[in-house]
Amino acid sequence: MSSERAPASPAQMVHLTIDGRPVAVPKGTTVWQAARQNGIEVPVFCYHDRMPPLGACRMCLVEVEKMPKLATSCTLEAGEDMVVRTQTDRVRQAQQAILELLLVNHPLDCPICDKGGECPLQDNTLRFGPGQSRFVETKRQFRKHVRMGPVLVLDRERCILCWRCVRFGEIVAGDDALKGFERGYHSQIATPAMEPVRSKFIGNTMEICPVGALTSATYRFRSRPWDNRTVQSVCPHCGCGCATTLNVRGADLTRTRPREHPEVNDIWLCDKGFFGYEFVGSPERLRAPLVRRDGALREATWDEALGRVADALRSTSPEAVGVIGGARSTNEDDYLLLRLFRGVVGTNNIDFRVETAYPQPTSRAAWGLPVAIADVERADAIVLVGCDLTEEYPILWLRVKKAIDRGAPLVIAGAWEPEVARWAQHRLIHRRGGEAALLRALAGGVRAEDGAAASGAPAEAIRAAADTLRAAPRALVLAGEAALEQPGAERVLAALDELCAACHGAPLGILRGRGNSGGAQVLGLLPDMLPGYRPLGDPSAREAVAAVWGRPVPSAPGRTVRGMLEAARAADLEVLYVVGADPASDYPDARAWEEARRGLRCLVVHELFLTRTAEAADVVLPVLAYAEKTGTVANIEGRVQRQDQALLGPGVARSDAEIFVDLASRLGSPLAVASWEQVFAEIGRMIPGWAEGARLAPPRPGAGAGRDGAGIPDGPLPRPEGALALVAGRRLFDRGTMAARCPGVRGQAGEPFVAVHPEDAARLGLRDGMPCEVRSPRGALRLAVRVWAGVHRGHAYAPRGYDSAPVSVLLDERGPVAVTVRPLGAP
Amino acid sequence: MVRQLRQVWATVKGLGVVGRYLFRRPVTVRYPDAKPPVQRRYKGRHYLTLFADGMERCVGCELCVIVCPSQSIFVRAAENDPLAPHSKGERYAADFQINMLRCIFCGFCEEACPTGAIVLGHDYELSGYTRESLIYTKDMLTEKYPGESGRDPHREL
Ligand code: SF4
Ligand code: SF4
Ligand code: SF4
Ligand code: SF4
Ligand code: FES
């Protein structure tokens, strides 16, 4: 039938009358949307504008001329010359009837319901409902509330079966976390066997549930909507930089909610964003500066602590000073860090990339997305290389899911199967170290068989994936930490270039960096870069910076994190200044860090908590968390967003910026800084296009930079008999510095574990849940065994981000490690 | 002449009123030795009432907080321990304060309360030497025994 009609162009309009008002809307618009666009409100429950209409609740009934019965406006497409009425007696009666029926089994326990005051059922009942109940019989009863894991509280009595939560799991998140069970009167929302809900996006269902059936365990009874002040903020966790709204009651951060940002997170957040806020109010926060006296850290005044830091900086030659971190600070903090250390102290030993031992020069492989986050959903094919998307950048997954729904194939390559593997058309699970060969085979540079031999992924699958990619006009290649954090990273990058070229010039995104890494990168908290991605080696760029700062910029490139640690071991680096980072837990070689620490004369740490690094420091400076200061941050696509101060900090904690300004005066070169806005404007003088909301996209990796290494043979790693190759991956729910102090995140993270393939488990006598010792040449950890078919044979997967059992103890900065996994008896 | 007579008459009439009242029972009360009775619906200090079994009526819903025109009330709710609940249901008021200096005794809180927990009693002797002493805490507001406030502890609502 549609073949006879002209294809609907966006310009094609239909004309109809709603409540006597003539309106024109594009073809395909529903009557509900048409009414809404023209300011006419029709109440809904089941319809949600981010999901297709369902027609389950009948709340949206309207009268349409020539239709015998009332019609659900959310499912009815607007037609030419339709005459719609939303305010007639028939409609009102129907609305009252629907609400009366919904309330038959609704407990109406608003006084104890967390939704009270912001509840669509309350609001609609007040506006459209009968106002009186005629129902005197007993209501349907369920166990009052069920805790479905650490964050979700389910109250089935309140559920009105609108199916929004179920459909969110099916359509938006793709994790099918909640399902409908039973039929008719007994229908209920639950998980199979009422087990804890397993999702990374369940907070969103609490947001879209139109009643108090799904509520948050962390916000439970802490506040009422009218108690909350709202403050705009940005999520500090992964690098996506989702826009959030903080709710504050008095001095208490009560919850985080998504703030609509169509370009970044749309209206969603992941559960780390939802529940990862409680560290801010943790009693363990540092409240006063600590200074090492007689071998122990003791509380001190700011004057004493900063005096000590200034003395150390003054008495050390600039090349012997290094700075690590900056990814947890605001752009303004980071900029002042640069002014202090590049301008006043005069060192280029600055690097925010704490968690990598194989840093690639930013000019060759900048971290981040070269396309906008919103454009990810428009790709025709997506390749994920060594990137566990839902664990690392969950909000990006929602975009990828939309692309998949549009028909774009997803190709996954990695040493373990990510959670989203079931949505992939091609899964290439391979040996660690085989990335380059596999990618070249995908690109057609080597035969599929050779790629298969070198990587362990089946040749058939490689060929099929290559064909799929070749057919996609606009593919997107995303590579992650697992692919690039190894000695062969150069070759992997070269192979990625080859693959992008074979995919008709697909853009390559390097998905690395967390928090404000995007800002740290664009500002140039790097040994060889200046603000705005200008190389340090460019004299005119140095002069431009020097002109603003009024001080020269040292020209010799500085050291990377790895270089600084090596220099410290050799006693070439004496003072290390760590800003909001925990290299002792996160640098992928704990022993290298310890040796470096011993070589340092002075270690200064800006921290929220007494981390491993802070414990080893000489001076620990308590700083403000993201919710305690105003400023801007930038995310993986380089978008600059503003976050506002919601709270006062604990004790005498100061912002990073204040500390840098104070130190600069102590070093005799005061920085005239009056406000963050002034710093923001000064950055704007240095980086063209710098503005709130602007996107300073990282340069496309590889553009122009010829990478060597192509053609170098690839192969399995040599490892001792019986040992497993260790792969370390990120988890969304971990127990790092901040997450460990957020019950909602900590609880979902569970205990640290090591995952092995069932065949290896059988061979090594390992059973699920059993404690074991994982030993590498560098160290050993006690972990729980998880038997998991998703990890490649011969490999052991251990999560990063558990401060109690940091995987960095096992890792070696010099190359991949093989581990032995030994059972420690039954639990 | 007529004018003067009128003035004398006015004086006599005035003294008549005095005389009338002179022999009536005085309305003055020798407060604080004697206390006048108040009207049944007089609105004095608040009570947080209890059920007959000692369970708190208040569920910490904060409706009184939002209705209060002078923002005198602070409530912080918490979840009941199912084994030792404070109130019926999942929620109770972990903290409850009324600032008596701000309260205008309008009774809106009593009207808004869905559980009949908060009632304004007949006690009007509310003074103190410090501001703090006039912020009534949950302990001060809660009935010492069910029915202290005069509200029937057996009534459901
Ligand atoms: S739990 Fe909430 S969102 Fe889910 S079906 Fe029930 S009312 Fe709808
Ligand atoms: S996706 Fe990332 S930025 Fe967004 S809420 Fe989650 S952790 Fe925060
Ligand atoms: S009586 Fe009126 S002013 Fe006083 S606490 Fe109640 S609502 Fe507030
Ligand atoms: S006194 Fe009544 S209105 Fe106030 S919090 Fe308690 S139950 Fe709610
Ligand atoms: S909103 Fe239209 S049927 Fe539910």
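The following legends describe close-up views of a predicted model. Local features require pLDDT of at least 70 and side-chain atom pairs count only at pLDDT 80 or more, whereas totals for chains, interfaces and linings use all residues. Residues are numbered from 1 along each chain as its sequence is written, and chains are lettered from A and ligands numbered from 1 in the order in which they are written.

**View 1. The surroundings of ligand 2 comprise 13 residues.** A residue counts as near a molecule if its C-beta atom, placed from the backbone, lies within 6 Å of it. The closest residues are A:Cys235, A:Cys238, A:Cys242, A:Cys270 and A:Gly273. In chain A, α6 (271–275) and α11 (394–405) each contribute at least two residues to this shell; helices (H or I, at least four residues) and strands (E, at least two) are DSSP runs, numbered from the N terminus. The shell consists of eight nonpolar, four polar and one charged residues, where Ala, Val, Leu, Ile, Met, Phe, Trp, Tyr, Cys and Pro count as nonpolar, Asp, Glu, Lys and Arg as charged, and the others, Gly among them, as polar.

**View 2. Ligand 3 is surrounded by 14 residues.** Closest to ligand 3 are B:Cys68, B:Cys103, B:Cys106, B:Phe108 and B:Cys109. Its shell has 11 nonpolar, three polar and no charged residues.

View 3. Of the 15 residues around ligand 4, the closest are B:Cys58, B:Cys61, B:Cys64, B:Cys113 and B:Ile118. By class, 12 are nonpolar, two polar and one charged.

**View 4. Chain B meets chain A through 14 residues of chain B and nine of chain A.** Two residues are in contact if their C-beta atoms, placed from the backbone, lie within 7 Å. On the side of chain B that touches chain A, α2 (63–67) and β2 (73–79) of chain B each supply at least two residues. The most come from β2(B), with three residues. This side of chain B includes seven nonpolar, three polar and four charged residues.

**View 5. Helices α8 (residues 331–345) and α23 (residues 656–666) of chain A pack at an angle of about 20°, with their axes 8 Å apart.** Axes are lines fitted to C-alpha atoms, for helices over the stretch in contact, and angles run from 0 to 180 degrees between N-to-C directions. The angle makes α8(A) roughly parallel to α23(A), a term for angles under 35 degrees. Among the residues that meet are A:Leu336 and A:Leu340 of α8(A) and A:Phe660 and A:Val661 of α23(A). This contact comprises nine nonpolar, no polar and three charged residues.

Methods
Angles under 35 degrees count as roughly parallel, over 145 as roughly antiparallel, 65 to 115 as roughly perpendicular and the rest as oblique.
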